[in-house]
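These are my notebook entries on a structure that I went through element by element. I began with a pair of helices and then turned to single residues and the relation of the copies.

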2 protein chains.
Amino acid sequence: MTGTDIDGKAIAQTIRTEIKDAVAELKSSTGKVPGLAVILVGARRDSQTYVRMKKKACEECGIASFGFDYPSDVTMETLSGKIAELNADPAVHGILVQLPLPEHIDEDAILTSIDPKKDVDGLHPLNTASLCSTSTHVGSTKIDWSDFTTIPFHIACTPQGCIELLDRSDVELEGKNAVVIGRSNLVGLPVAMLLMHRNATVTIVHSRTADVPGVVRNADVVVAAVGRAEMVEGDWIKDGAVVVDVGINSVDDATKKRGYRLVGDVNYATAKEKASQITPVPGGVGPMTIAMLLRNTLNSCKRS
Amino acid sequence: MTGTDIDGKAIAQTIRTEIKDAVAELKSSTGKVPGLAVILVGARRDSQTYVRMKKKACEECGIASFGFDYPSDVTMETLSGKIAELNADPAVHGILVQLPLPEHIDEDAILTSIDPKKDVDGLHPLNTASLCSTSTHVGSTKIDWSDFTTIPFHIACTPQGCIELLDRSDVELEGKNAVVIGRSNLVGLPVAMLLMHRNATVTIVHSRTADVPGVVRNADVVVAAVGRAEMVEGDWIKDGAVVVDVGINSVDDATKKRGYRLVGDVNYATAKEKASQITPVPGGVGPMTIAMLLRNTLNSCKRS
């Protein structure tokens with residue numbers, strides 16, 4: 001068997017076009033324009049690149065973006081003051097603080113100060129708590145985990161993007177064995193919760209797991225989110241399993257002009273021989289993160 | 001093999017004696033007396049019994065208890081007002097609202113209005129979020145999952161009691177396969193999180209799981225928290241596994257004077273033949289819940 005690629009780039013583009021249409025429709029029917037505030041602290045090149053990509057993506061779909069850049073020695077007071085102002089601003093439906101923040105800033109305190117309704121990154125503890133709950137309702141609203149656009153709170157973008165990729169690749173999750181490799185707050189844990197809400201039987205594997213290959217071999221769906229280059233070997237993959245590779249690792253490669261290449265947490269070449277479907281790196285999960293950020297911002301505006 | 005009983009009644013009694021000593025010590029060294037406020041709404045017999053047991057347990061260990069009873073038609077305003085008052089009262093270190101509440105009361109809103117520091121039932125979303133996080137620190141405090149008395153937030157009592165039983169029965173969790181049957185907010189999910197924090201490899205099984213016996217057969221530790229009488233059969237249990245049975249179900253039994261008997265979610269007789277250790281019902285997990293409530297109240301007072 002040779003698995004089909006799950007083309008995250010194409011799927012993300014489709015979603016961005018859908019969002020663009022929905023934004024236009026929302027504007028013409030209600031006059032509302034979704035707005036995203038993006039806070040950048042310091043001069044990290046990677047953070048600057050991510051922020052630029054996010055603003056550009058907003059622009060392309062008609063979402064207003066408001067950038068606030070601060071030097072790396074910005075005080076907590078200044079950041080908190082800006083967030084309080086954005087929390088109160090009706091033109092702002094999403095507030096994104098690009099991570100990581102400098103050492104002297106209390107990241108948890110900053111994330112917790114964002115109005116959970118505007119926390120389009122889904123990192124506020126109240127949004128985490130809603131994700132990690134099997135309550136059927138939030139207030140009087142019934143939760144329908146099969147349609148993220150109706151969920152009345154914000155789900156973190158990368159985990160949400162993983163499930164969206166599976167949905168758009170017609171992967172059935174109910175009753176399937178799903179194994180998540182990695183238990184990070186940003187990906188592993190929330191993706192495990194989402195798979196559980198979709199009625200998969202979820203196992204969370206981590207650095208202390210005794211027999212990782214053995215557990216993974218039992219999975220119909222594997223999500224690798226551990227940050228170790230090509231750790232998951234093809235012979236760990238059950239025939240016909242679906243593989244979602246969240247890792248983005250750079251490995252030295254003298255044949256490349258820039259001296260390195262990007263690989264996932266999965267050995268793509270060998271896993272592809274066993275999987276029915278697999279996300280490549282790059283071009284798999286990566287492009288979904290921004291698409292989900294745009295969708296969260298749109299949903300936040302609709303609910304406002 | 002015939003498994004040993006994990007004697008929850010004896011273990012809970014030991015813990016209550018430890019708490020009594022710690023309360024006396026705290027009082028003599030600091031003058032502080034832990035205080036628990038217990039709110040009871042309506043006239044449910046079971047709720048009245050639980051509240052009485054909790055107050056009596058407080059008294060026995062030197063913890064002050066303050067009871068507030070309301071008729072079943074109490075308003076949200078009255079309850080919220082009382083909670084605000086208790087949040088501000090320095091003599092109150094724990095606030096417990098006995099569940100369930102009547103239909104017209106928004107249970108989530110009430111639980112969320114309790115100061116998370118005084119939420120000794122561990123049901124506030126901020127406490128849930130802390131439990132469902134793999135952050136190594138809360139603020140500057142490093143989290144040590146091996147010692148619940150040092151955890152700087154509140155963990156729900158029954159799940160905490162399950163792990164405490166295992167600890168006091170010398171069950172090693174790190175690297176073991178743990179299967180949790182049931183995904184409730186009150187037990188299944190938090191127990192799964194705790195097992196993960198102890199570095200077990202955790203699988204969450206539920207009503208949509210395709211092959212429950214097959215998954216359970218792979219478990220070194222089984223926690224059953226599903227609320228179905230004797231659902232887990234002995235032949236689902238791996239030889240030498242440890243079984244924690246959280247279920248309390250009444251089944252008709254004409255040979256009993258009261259016409260029923262209590263059984264767990266596990267077929268105790270057949271499971272005991274396979275397990276190395278097993279909690280009986282009653283007398284297993286049950287008595288631990290109040291012991292953990294007392295401990296949370298003590299910890300809350302110490303941190304105040």
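Entry 1, a helix pair. In this predicted model, I looked up how helix H6 (residues 157-167) of chain A lies against helix H10 (residues 286-303) of chain A: their axes come within 8 Å and cross at roughly 105°. Angles of 65 to 115 degrees count as roughly perpendicular, and H6(A) is therefore roughly perpendicular to H10(A). I then listed the residues that meet. H6(A) contributes Cys157(A), Thr158(A), Gln160(A), Gly161(A), Glu164(A) and Leu165(A). On the side of H10(A), I noted Met288(A), Thr289(A), Met292(A), Leu293(A), Arg295(A) and Asn296(A).

I located Ile15(A) in helix H1 (residues 8-30) of chain A. Is Ile15(A) buried or exposed? I found a relative accessible area of 0%, so Ile15(A) is buried. Neighbours within four places in sequence left aside, its contacts are Glu164(A), Arg168(A), Met288(A), Ala291(A) and Met292(A). Among these, Glu164(A), Met288(A) and Met292(A) also take part in the meeting of H6(A) and H10(A). I also checked a distance: Ile15(A) and Ile105(A) are 90 residues apart along the chain, and their C-alpha atoms are separated by 35 Å.

The buried residues include Gly188(A), Pro190(A), Met193(A) and His197(A). Asn199(A) follows H7(A) and has a positive phi, near 70°. I placed Asn199(A) in the loop between helix H7 (188-197) and strand S8 (201-205) of chain A. Asn199(A) has 11% relative accessibility and therefore counts as buried, the cut-off being under 20%. Which residues is Asn199(A) in contact with, leaving aside its neighbours within four places in sequence? In chain A I recorded Leu173(A), Glu174(A), Gly175(A) and Lys176(A). In chain B I recorded Arg183(B), His206(B) and Arg208(B).

I found Ser135(B) in the loop between helix H5 (125-131) and strand S5 (137-138) of chain B. With neighbours within four places in sequence set aside, Ser135(B) is in contact with Asn185(A) and Ile143(B). Ser135(B) and Lys238(B) are 103 residues apart in sequence and 33 Å apart in space, C-alpha to C-alpha.

I took helix H3 (residues 76-88) of chain B next; it has 13 residues and reaches 18 Å from its first C-alpha to its last, close to the 18 Å expected at 1.5 Å a residue. Its buried residues are Leu79(B), Lys82(B), Ile83(B) and Leu86(B). They cover an arc of only 100° around the axis, so they lie on the same side of H3(B). The buried residues are covered by elements of chain B including strand S2 (35-41), strand S3 (64-70), strand S4 (94-97) and helix H4 (107-113).

I laid chain A on chain B with an RMSD of 0.0 Å, by a turn of 180° and a shift of 0.0 Å along the axis. The two copies are therefore related as by a two-fold rotation axis. The same surface serves both, as 100% of the contact residues of chain A recur in chain B.

Note on methods:
Residues numbered from 1 in each chain as written. Chains lettered and ligands numbered in written order. Predicted model: local features only at pLDDT ≥ 70, side-chain atom pairs only at ≥ 80, totals over all residues. Heavy atoms only, no water. Helix = DSSP H or I, 4+ residues; strand = E, 2+ residues; numbered from the N terminus. Expected span 1.5 Å × (residues − 1). Buried < 20%, exposed > 50% of the residue type's maximum accessible area, 1.4 Å probe, protein only. Arc of directions from axis to C-beta. Contact = heavy atoms within 4.5 Å. Least-squares fit on C-alpha atoms with pLDDT ≥ 70 in both. Axes fitted to C-alpha atoms, helices over the stretch in contact; angles between N-to-C directions. Parallel < 35°, antiparallel > 145°, perpendicular 65-115°, else oblique.
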